[in-house]
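Dear colleague,

I am handing over the structure below, and my notes on it follow. Please read them with the model open beside you.

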Amino acid sequence: MRKLLLLKFTIFIMAFAFMLTGCANSTNGTAAASPASDTPPLVSEAPPEVSQPTDEQPTEVEITDIYGTVTVPINPQRVVALDSRTYETLSDWGIKLAAVPKAIIPADFPFVSDASVQDIGSHNDPNLEVIAAVDPELVIVGQRFGGRYEEIKALVPNAVVINLNFDVSTDADTPGDNLVNGFKNSTLALGRIFDKNAESERLVADFDKAIADAKAAYNGTDTIISVIVSGGNIGYSAPHSGRVWGPMYEVFGWLSPLEVDGATSDHQGDDISVEAIAQSNPDWIFVLDRDAGTSSAVDAVPAQDVINNSPALRNTTAISEGQTFYAPKDTYTNESIQTYTELFSDIAAALAK
């Protein structure tokens, strides 16, 4: 009897244990299959794509030339430059040019020796068809070519043509302001066109400093006569209108001991006798050597020899006290902001002695 009861109890326990095992397996299977489980899946999923803001680089920029606002392509690939005030800047920035007037560019500039750069010739007799042949995106007009703007624009209707000229002629009311602001505005415009803003701003800052230094160095009382030496002759560069020097009388407040009627901005200066200069007895003589700036004038007499060997000038204060000043040799054909910065800095140093 006892064995029978023990057997029944054992069977009951085994049956109960079997039931518990089945329930557990049923529950685990349901949990594994349930899509609503809070447990994250073990298989990694790619994160959702997040759209990033895109700053598209502008392809055009607005600049101001003498006619107003012009839209210009940034970093144009085919550029023709016709402004002597821009060559050194473009060269320093490594800008590739398609065509230039090689006859009026200093011979050591890379544009002159580069056979891939087409030659437009001199401004006096240019071959403007060369401009059309290179199919430019941009043509930079100014200075000696300033008067050909409309002609060039009609020749290349698909190009952007800008005129960066500024007036320092006899017609200008404020040649000094025009010179200073013209250089600054055109340099900053070129910086925007060729994505050289930092470089252009540095050039303008150096230019401003050189002006300030030259102003500070002038004592306000010394008289200054400015001249141009060309072909062994001395020409007069009149205050306000004279080539290169004229506007500086306004910029720096220089005093001149001599006034000449009918003064012009002629590239060789106005006719004047050395006796007239001697009689005015200037404290300083400022000299532009035109021949030194033209590559064709190989046999020219240096301006310093012409001035020093003039008997009439020998007894002037300027000569007797060694107060003659010479512009950088390439000034006549390289009237860049860099040249004028160097010129003003050298003037400041000379006057401060």
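Strand 9 (residues 233–236) pairs with strand 10 in the antiparallel sense, over two bridges, where pairing requires that DSSP finds at least two bridges between two strands, and helices (H or I, at least four residues) and strands (E, at least two) are DSSP runs numbered from the N terminus. Within strand 10, Asp271 is the bridge partner of Gly235. These strands belong to an open sheet of five strands with mixed pairing, in the order 10-9-8-11-12. Strand 10 (270–271) and strand 12 (324–326) stand at its edges with a single partner strand each, so one side of each has no neighbour in the sheet.

This is a predicted model, in which local features need pLDDT of at least 70 and side-chain atom pairs count only at pLDDT 80 or more, while totals for chains, interfaces and linings use all residues. Residues are numbered from 1 along each chain as its sequence is written, and side-chain values use heavy atoms, with hydrogens and water left out.

In the loop between helix 8 and strand 10 lies Ala263, which is partly exposed at a relative accessible area of 23% (buried means under 20%, exposed over 50%, partly exposed in between, with a 1.4 Å probe and protein chains only). Leaving aside neighbours within four places in sequence, Ala263 is in contact (heavy atoms within 4.5 Å) with Thr170, Ala238, Ser241 and Asp270. Ala263 and Thr170 are 93 residues apart in sequence, yet 8.1 Å apart in space, C-alpha to C-alpha.
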